[in-house]
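Thanks for coming. I will show one structure and go through a few of its contacts.

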Amino acid sequence: MAIESEVAALIVEALHLETSAEQIDPEAPLFGEGLGLDSIDALEIALAISRRYGFQLRSDDERNGQIFASLRNLSAHIEKHRQR
């Protein structure tokens, strides 16, 4: 899925990760055992998404756990809400 590759590249770029976008498993957790990201990383990702796709991911959204659960979930959310 093209959007997953695009979002993976955005995450790698925004967080200056030493892994490549292709190495991010779309089903693996982004936080904890998966990529091992933390809440600061989530803020960086949300900022990059708002710049690139023109919509805000709100920190008080009760769905954030689900939205940020994996690259696949995040990509699907972006696809649904993107404005550009």
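**From a loop to the helices**

Ala69 sits in the loop between α3 and α4; helices here are DSSP runs of H or I with at least four residues, strands are runs of E with at least two, and both are numbered from the N terminus. This is a predicted model, where local features need pLDDT of at least 70, side-chain atom pairs count only at pLDDT 80 or more, and totals for chains, interfaces and linings use all residues. Residues are numbered from 1 along each chain as its sequence is written, and side-chain values use heavy atoms, with hydrogens and water left out.

Ala69 has a relative accessible area of 32% and is partly exposed (buried is under 20%, exposed over 50%, partly exposed in between, with a 1.4 Å probe and protein chains only). Leaving aside neighbours within four places in sequence, Ala69 is in contact with Ala28, Pro29 and Leu30, contact being heavy atoms within 4.5 Å. From the C-alpha of Ala69 to that of Gly34, 35 residues apart along the chain, the separation is 9.7 Å.

Next, aromatics. A search of the whole structure gives one aromatic pair. The ring centres of Phe31 and Phe68 are 6.1 Å apart with planes at 75°, so the pair is edge-to-face (centres must lie within 6.5 Å; planes under 30 degrees apart are stacked, over 60 edge-to-face, the rest tilted). Phe31 is in the loop between α1 and α2 and Phe68 in the loop between α3 and α4, so the pair ties together parts 37 residues apart in sequence. Phe68 is buried at 8% relative accessible area, while Phe31 is partly exposed at 25%.

Which residues of α4 are buried? In α4, residues 71–81, they are Leu71, Leu74, Ser75, His77 and Ile78. They cover an arc of only 160° around the axis, which puts them on the same side of α4; the arc is taken over directions from the helix axis to the C-beta atoms. The buried residues of α4 pack against α1 (2–15), α2 (39–53) and α3 (64–67). His77, at 11% relative accessibility, counts as buried. Not counting residues up to four places away in sequence, His77 touches Phe55, Leu57, Arg63 and Ile67.

Last, α1 and α2. Residues of α1 including Ile3, Val7 and Leu10 meet residues of α2, among them Ile45, Ala48 and Tyr53.

That is what I have.

Terms used:
Rings of Phe, Tyr and Trp (its six-membered ring) pair if their centres lie within 6.5 Å; planes under 30 degrees apart count as stacked, over 60 as edge-to-face and the rest as tilted.
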